[in-house]
Amino acid sequence: MFPCLFARRMEACVRSGKFTLQDTAAVAAKAYHNANRNPLAHMHAVKVSLEDASSEEKLFLANPTYKPYLRLTDCSQVSDGGAGLILASEEGLRRHGLSPSDPSLLEVLAVRLATGNLYDDNRTTLTRMPTSHAAAQQALTAAGVTAAQIEVAEVHDCFTPAELLMYEALGLCQEGEGAAYFHSGATTLDGKVPVNTGGGLVAFGHPVGATGIKQVMEVYRQMKGKCGAYQMKHTPAIGVTLNMGGDDKTAVSTVLKNI
């Protein structure tokens, strides 16, 4: 079901001129490039070039209407995995002998949840993600942070078109500029706002229930210089996660500050 739902989104984006299959192939190639540097990634040893990701041989849907719009390399992995974190108040930290200014910590500036109507199949929103946008903007506002201050982000790239739409939902670029923003190089490891540094759901993997916490862990690891071969060149002060459930029906965004 979900591959077909996102192929439907991709068809709408292609027909509206928002982005192309070549654009999403480039997103897949970036994901695999990052994962190849990440020894924890599900697809660490799998090489996927832009040519590979563009291949029509990887079209797999049985639905004849949507088959041309999604390839295997556009899809997240079905992965096993786990992730965990410890949340503590300032008082709790002190009880355990830690200072709130300890450099091993991150501060959670805001967490916000937004939900959409499960029974509303609104085709007018296929080229954008209003629920994810709502969660992200509410979190940024609550944190007192602007999109221009984001220095690293983890977004829910269940399928490659979702990553481009998430750029817009976060406010990293304007509506309709997701593909251009990607091609500017802004979201690469050496870019202005690296996105999905460890390979994202497409190539790091998607252990479903663990993914939201794993996104926070990824931001933490970048902020603390723990990413080895895929470490960003600069240490980010502000990071954001944007996780999604269903076809943009539930979304959670977290704003994190380095200490």
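How much space lies in the second largest pocket? In this predicted model, the second largest pocket holds about 430 Å³ of space. Its lining is made up of 22 residues, and those nearest the centre of the second largest pocket are Ser76, His156, Cys158, His206 and Val208. Helix H1 (2-16), E3 and E4 are the elements that give two or more residues to this lining. Sorted by class, the lining of the second largest pocket comes out as twelve nonpolar and ten polar residues, with no charged ones.

Next comes the largest pocket, with about 870 Å³ of space. A total of 32 residues line the largest pocket, and Leu85, Ile86, Leu87, Leu106 and Val108 sit nearest its centre. Of the elements involved, H9 gives the most to the lining of the largest pocket, namely seven residues. Split by class, the lining of the largest pocket has 19 nonpolar residues, ten polar ones and three charged ones.

Now for the helices, starting with H6 and its partner H5. Helix H5 spans residues 130-143 and helix H6 spans residues 160-170; their axes come within 8 Å and cross at roughly 40 degrees. Because of that angle, H5 and H6 count as oblique to each other. Their crossing is right-handed. On the H5 side the contact is made by Ser132, His133, Ala136, Gln137 and Leu140, while H6 brings in Met166, Glu168, Ala169 and Leu170. Taken by class, the contact of H5 with H6 has five nonpolar residues, three polar ones and one charged one.

H1 is another partner of H6. The axes of H1 and H6 come within 9 Å, with a crossing angle of roughly 60 degrees, so H1 and H6 are oblique to each other as well. This time the crossing is left-handed. Phe6, Arg9, Met10 and Cys13 are the H1 residues here, and they meet Pro161, Ala162 and Leu165 in H6. The contact of H1 with H6 has six nonpolar residues and one charged residue, and no polar ones.

Helix H2 (residues 21-35) packs on H6 too, with the axes 8 Å apart and an angle of about 95 degrees. H2 and H6 are therefore roughly perpendicular to each other. From H2, the contact draws on Asp23, Thr24, Val27, Ala28 and Lys30, and from H6 it draws on Thr160, Pro161, Glu163, Leu164 and Tyr167. The class count for the contact of H2 with H6 is five nonpolar, two polar and three charged residues. Pro161 of H6 takes part in this contact with H2 and also meets H1.

Thr127 is found in the loop between E1 and H5. In sequence, Thr127 and Leu165 are 38 residues apart, yet in space they are 7.5 Å apart, C-alpha to C-alpha. Leaving out residues up to four places away in sequence, Thr127 touches Arg9, Ala12, Cys13, Ser16, Lys18, Leu165, Glu168 and Glu175. Some of these names have come up already: Arg9, Cys13 and Leu165 belong to the contact of H1 with H6, and Glu168 is one of the H6 residues facing H5.

Definitions and conventions. Residues are numbered from 1 along each chain as its sequence is written. This is a predicted model: local features need pLDDT of at least 70, side-chain atom pairs count only at pLDDT 80 or more; totals for chains, interfaces and linings use all residues. Side-chain values use heavy atoms; hydrogens and water are left out. Axes are lines fitted to C-alpha atoms, for helices over the stretch in contact, and angles run from 0 to 180 degrees between N-to-C directions. Helices (H or I, at least four residues) and strands (E, at least two) are DSSP runs, numbered from the N terminus. Angles under 35 degrees count as roughly parallel, over 145 as roughly antiparallel, 65 to 115 as roughly perpendicular and the rest as oblique. A crossing is left-handed if the near helix is turned anticlockwise from the far one by less than a right angle, and right-handed if clockwise. Contact means heavy atoms within 4.5 Å. Ala, Val, Leu, Ile, Met, Phe, Trp, Tyr, Cys and Pro count as nonpolar, Asp, Glu, Lys and Arg as charged, and the others, Gly among them, as polar. On a 1 Å grid over the protein atoms alone, a cavity is a set of points where a 1.4 Å probe fits but cannot get out, and a pocket is an open set with protein on both sides within 12 Å along at least five of seven lines; lining residues have an atom within 4 Å of a point. Grid points are joined across faces, edges and corners, and a volume is the space filled by probe spheres set on the points.
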